[in-house]
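Below is a short briefing on one protein chain, arranged by topic. Please read it alongside the sequence and the model.

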Amino acid sequence: MVETMRAARMHEVGGPMRIDEVPRPTAFGSNVVVEVATCGMVPNLGNVLKNWPSWCPHLPQPELPAIFGLDPAGTVTEVGENVIGIRAGDRVYVSPVRSCGACPPCLDGKRTECRLMTFGGYFGFQEESQTLFDQYPHAGFGEFMLAPAYSLVKLPDNVSFEDASRLGYLGTAYSALKKAGHMGGKSVLINGGTGTLGIGAVLFALALGATKVMVTARNRELLARVRQLDPRRVHVFSTEEGSIQPWVRSLTDGGGADYVLDTLGAVASLEVMKDAMLSVRRGGRIVNIGGTAGEMAIDVKWLMDDQIAFVGSVWFTTAEGYEMVEMMRARIVDITGFEHRKHSLDEINEAINGVGSGDGGFTSYMVTPR
Ligand SMILES: [Zn+2]
């Protein structure tokens, strides 16, 4: 008889999740089974899922019904016969990146550059993603999940499951900062710096040695709280007060920021994003990890004349996950004081609709399936 487990599944686009009894996975090959303790989520996932067909028509979701849940952490309960170095009982974070494993980018450790790159429990980047959804049909909004050994980050004892289930958004910011360049002694503008992605970017920019972290957003109360993360190095500006460019230039001797990181959300204004981008110094780098979509007019000759690089970045590598948890273990990056909004699997629909929205990126939202 097949053992079953409880999992929240979406049956129609934007429709409510239903709690279903589904077959419980068993480990085989190079895969393990993880008992999910917590799964992180964006505050307003419900809105994202509802608007998916219009916001992201080019990014296929799994065939429905499907289990969602992007950012799980838990305990390994069973390992496949080919798994070496991971044991039952290990506490792990499960990166949702699934890829072919055999193409040049995968072989180079850059699985997010794989043509088949797919976010288990969320969406893919091309039609063939369904093959990977079929191989790994589980995700964080279920009691157990099958996960490839390559997706696991073993957690130090002092990194909690709650904090680990925030790694997706921390890691997206961390990897983007690494792609921007060396941070020691540099200035970085973080546009949208009070949100889930933005605060992660501020924390890691500080940890990596940036000496001028300029944070823009709208909410002044949240900005004041971000400033308190390091009042000597963090500068804040509300975009309700006007243009970002003169403010950044006033702080950088007229030159502009070494790096600009855009972390704005899906409904943000392209004009604010452009204002931030134009605050970069000659020879600087702009990295985009936000959800803002649409076409923007940019003078391409400016990119040449001023030697500007514009880089897009998605997620992070599992190795970068290990770097981050080691920095969290050493408390170089500390998110232990953040508020946790926990919901059980039965409260999944309230959870994904962001009921009682918290303090921007200082609140972590999560589902606890067990
Ligand atoms: Zn590949």
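Helix H10 (residues 270-277) has Val272, Met273, Ala276 and Met277 as its buried residues; a residue is buried if 20 or more other C-beta atoms lie within 10 Å of its own, exposed if 12 or fewer, and partly exposed in between, with C-beta atoms placed from the backbone. Viewed down the axis of H10, these buried residues fall within an arc of 140°, so they line one face of the helix; the arc is that of the directions from the helix axis to the C-beta atoms. This is a predicted model, in which local features need pLDDT of at least 70 and side-chain atom pairs count only at pLDDT 80 or more, while totals for chains, interfaces and linings use all residues. Residues are numbered from 1 along each chain as its sequence is written. Helices (H or I, at least four residues) and strands (E, at least two) are DSSP runs, numbered from the N terminus.

**Helices H10 and H9**

- The cover over the buried residues of H10 includes strand S12 (187-191), strand S13 (212-217), helix H9 (244-251), strand S15 (257-262) and strand S16 (280-288).
- In H9, the buried residues are Ile244, Trp247 and Val248. They span an arc of only 95° around the axis, which puts them on the same side of H9.
- An α-helix has 3.6 residues a turn, so residues three or four places apart point the same way.
- Pro246 and Ser250 are exposed residues on the face of H9 turned away from its buried side.
- The buried residues of H9 are covered by elements including S12, S13, strand S14 (234-238), S15 and H10.
- Asp253 follows H9 and has a positive phi, near 60°.

- Val188 lies in strand S12 and counts as buried because it has 29 C-beta neighbours inside 10 Å.
- Not counting residues up to four places away in sequence, Val188 touches Ala180, Met183, Ala205, Ala210, Val213, Ala257, Asp258, Tyr259 and Leu261; two residues are in contact if their C-beta atoms, placed from the backbone, lie within 7 Å.
- Val188 and Ile286 are 98 residues apart along the chain, and their C-alpha atoms are separated by 9.7 Å.
- The largest nonpolar core has 107 residues, and those with the most contacts inside it are Phe141, Val188 and Leu261. A nonpolar core is a set of buried Ala, Val, Leu, Ile, Met, Phe, Trp, Tyr and Cys residues joined through C-beta atoms within 7 Å.
- Helix H6 (residues 167-180) gives the most to this core, with 8 residues.
- At least three residues of this core come from each of domain 1 (4-166 + 335-368) and domain 2 (172-312).

**Domains**

- The chain is assigned domain 1 (4-166 + 335-368) and domain 2 (172-312); the bounds come from an automatic or database domain assignment.
- The C-alpha centres of domain 1 and domain 2 are 29 Å apart.
- Contacts between the domains involve 8 residues of domain 1 and 10 residues of domain 2.
- On the side of domain 1 that touches domain 2, the residues divide into 5 nonpolar, 2 polar and 1 charged. Here Ala, Val, Leu, Ile, Met, Phe, Trp, Tyr, Cys and Pro count as nonpolar, Asp, Glu, Lys and Arg as charged, and the others, Gly among them, as polar.

**Strands and sheets**

- Three strands form an open antiparallel sheet in the order S2-S1-S4; two strands pair if DSSP finds at least two bridges between them.
- The edge strands of that sheet are S2 (17-23) and S4 (66-67), each of which pairs on one side only.
- Strand S1 (residues 4-10) pairs with S4 in the antiparallel sense over 2 bridges, and Arg9 stands opposite Ile67 in S4.
- Pro23 is found in strand S2 and counts as partly exposed, with 13 C-beta neighbours inside 10 Å.
- Leaving aside neighbours within four places in sequence, Pro23 is in contact with Val2 and Thr4.
- Another open antiparallel sheet has 3 strands in the order S7-S8-S9, with S7 (97-98) and S9 (123-124) as its edge strands.
- In strand S10 (residues 144-148), 5 of the 5 residues are buried, so S10 is largely enclosed by the rest of the structure.
- Phe144, Leu146 and Pro148 point one way from S10, and Met145 and Ala147 the other way.
- Strand S3 (residues 31-41) pairs with S10 in the antiparallel sense over 5 bridges, with Glu35 opposite Phe144.
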